[in-house]
Amino acid sequence: MLEDTRSENPKKSDQVYSKDSTATHAHSIPTTAAEALGNYCYLAMRTLNGVIRDLVIQVRAETAIGETVFISGNVPELGEWKVSQAVQLGKVSADGNVWQTMIHVPTNQNVQYRYLICTVVDNEGKPENIVRYWESHLRPRILRPIDYIDGKGDLDVFGYQGDSECIAKGWLTSETIVQLKMFKSPVTIWKRRYREKPISVHVSTIDITRKDSMNDIIGMEEDSTLTDGVNHRGWPIVEVAQMNDSGCQFSPQSQFGILYDPTEYVIFQIQVMNPNSICIGVCIAYMVDFYVHDSDIPEHIGFCYILPSNMRDTSGTCNMPISGKRQQPIGQLSVDYLIVRPMKDFVCDLSVTYTKHWKSLEKNGLDVGHRGAGNARRNDKVENVLENTVASFNYAAKHGADMVELDVQLSKDLVPVIYHDYYICISMKKKRSQNEHELLQLAVKDLTAQQLRMLKLSPADSEDKYDFHEDDSEDNQPFPTLKHVLEAVDPRVGFNIEIKCPMQHKDGTWELDLRFEMNRYIDVILQDILENAGNRYIILSCFHPDICTMVRLKQNKYPLLFLTQGETDKYPPYLDTRTSSIPMATYFALNTGLLGIDVHAEDLIRDPSHIPFVKDRNLVLFCWGDDINHTDVIRSLKEQGVDGCIYDKVDEFTRAQENVFLVEAKARMGLLELAGENLSTWSSTSTN
């Protein structure tokens, strides 16, 4: 279960969006003599008043070439959790692994702080902190006034609080991520003498607007320097990963890249700044080199370029000819690409993260209400509720659901609305007919949120599963907005928010022609959640691997589950092989830094060994599907280690009368009351 720290510091722990501060920051770099004098006077006055004090801090941290250590905290002197205003440390030890700085900290309050490792790069003439890794413990480190007595703190170890290690990779602040994905035999070599020999693939970046770009490539992985705090080499960063047990974590390439295996799923990930900003003289292309391993020294046999003009959309496929030593074509490369940009209208900070936090429950696993009270309309009980409505979510919360699962997608006017299917059917009455109706199918994305709320709908199939009623209450109407649901549903029930995004099937067909730009699509949904979720427990999920990648890279607060249907005949298979099985889903979750996976229960029931396979890799495991809708199946899956079961009619199959978050909240209140009584008793006793 997601761990809770809100009771300790509710305002700070829930703060994700960092508002600009007008306070003078002690570590800010003055730009004028007057500003420098003002900063000096500001610090002098506060020191004389006993408000702040100098404190030397040290941390042991191993860094790669071009990386440096920073500290950020909840006070203005430490940047108020803003990455851009974090305080930089310098190396002080002979081995280069101890970093130190003097900070100015208040002596009249506890100071929360975290360490982070950044690469500092030039962004249009300004230094930019790119977070590579940061301490992601649920509770930050704390400096108490007693720690300031000798003016020097203990030697910290990056990522460790006591014996607990918790380090997360960074998220996008101003940089862009470009992924080149190779799967399903992406390399074709036409030259016969190379066909049966081992081949490796290496990816480099080239700024094609610069004459010396080729010189930058040579030795890029071998040398890096920091000048004026800015990394001029070793950037852009190119890393590679494979979807298997040994290679699923992104790591630097070797000199000759990675050995090519036509059966493997390989991802090259490149971090760049403004890759296609022609206006500032930057235009990044990608050079792919191919080597044959036929002797001790691999032989370079060819290369190809992937130009910005080949990647005009957020995602797509590039088919590029491979040129040999004499510029003749010797083969072809087929790669899928994905371009992930940071959120435009929202800034995530360092104050809190739940992305990898989960704790064991007294009860075995969470009960998650599928679309609330269940699929379609529930009319078997006193309350007649429709799926994915406020009424359905509150009904499930009232009858024991720990969380409710809901589906969100965008309307034509970019409003996140709650609805499962991509298409709706409008009932049209024929002329001169009293009873006959004709159905018109439309995509949800082609109507505005207001138009969707005004529709009189008919079911999209012959099962008549929806049976919409005109006299339903407002809370029992379809297409509530995500914002309204976040505000109107009992805040003590958790949300499992599935982000809907159409995918391509293995046969080449698409679930839906999505016309929204994917970065904008995700930004709108994430911003709605980050601004309106309050203290609610939230887990995000999606079937689309690229959307999972984007959600993970764009925000650092909420955990994410990768949804997968795995091996089944109930649904058509998808083209992306990361969706093809539970092991592939597991490797992808590890590769992307997700909390876990959410799998089709048919796979688990058919082969229970999948459960320890996932759990042994420290991933959270949820499951979904019609096969779960039985008390014995739910109990069995939980006993085997499944962390959450998503099923219909949660009121019938769960034995819990209250959701686990409410129970824990009551327990905390009880402990606080008990502590208050003990304190009162102690106080009266000591007074007497």
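**Figure 1. Right-handed crossing of helices H8 and H9.** The crossing of H8 and H9 is right-handed in this predicted model. H8 spans residues 518-532 and H9 spans residues 545-554; the two helices pack at an angle of about 55 degrees, and their axes lie 11 Å apart. H8 is therefore oblique to H9.

**Figure 2. Residues at the contact of H8 with H9.** From H8, the residues Met518, Asn519, Ile522, Asp523 and Leu526 take part. Their counterparts in H9 are Asp546, Ile547, Met550, Val551 and Lys554. Sorted by class, this contact has six nonpolar, one polar and three charged residues.

**Figure 3. The largest cavity and its lining.** The structure holds six cavities of 30 Å³ or more, and the largest cavity contains about 70 Å³ of space. Its lining is made up of Met182, Pro186, Val201, Ile258, Leu259, Tyr260, Asp261, Glu264, Val266 and Phe268. By class, the lining residues of the largest cavity are eight nonpolar, no polar and two charged.

**Figure 4. Strands S20 and S21 at the largest cavity.** Strand S20 covers 258-259 and strand S21 covers 266-272; each supplies at least two residues of the lining of the largest cavity. Ile258, Leu259, Val266 and Phe268 are among the lining residues.

Key. Residues are numbered from 1 along each chain as its sequence is written. This is a predicted model: local features need pLDDT of at least 70, side-chain atom pairs count only at pLDDT 80 or more; totals for chains, interfaces and linings use all residues. Side-chain values use heavy atoms; hydrogens and water are left out. Axes are lines fitted to C-alpha atoms, for helices over the stretch in contact, and angles run from 0 to 180 degrees between N-to-C directions. Helices (H or I, at least four residues) and strands (E, at least two) are DSSP runs, numbered from the N terminus. Angles under 35 degrees count as roughly parallel, over 145 as roughly antiparallel, 65 to 115 as roughly perpendicular and the rest as oblique. A crossing is left-handed if the near helix is turned anticlockwise from the far one by less than a right angle, and right-handed if clockwise. Contact means heavy atoms within 4.5 Å. Ala, Val, Leu, Ile, Met, Phe, Trp, Tyr, Cys and Pro count as nonpolar, Asp, Glu, Lys and Arg as charged, and the others, Gly among them, as polar. On a 1 Å grid over the protein atoms alone, a cavity is a set of points where a 1.4 Å probe fits but cannot get out, and a pocket is an open set with protein on both sides within 12 Å along at least five of seven lines; lining residues have an atom within 4 Å of a point. Grid points are joined across faces, edges and corners, and a volume is the space filled by probe spheres set on the points.
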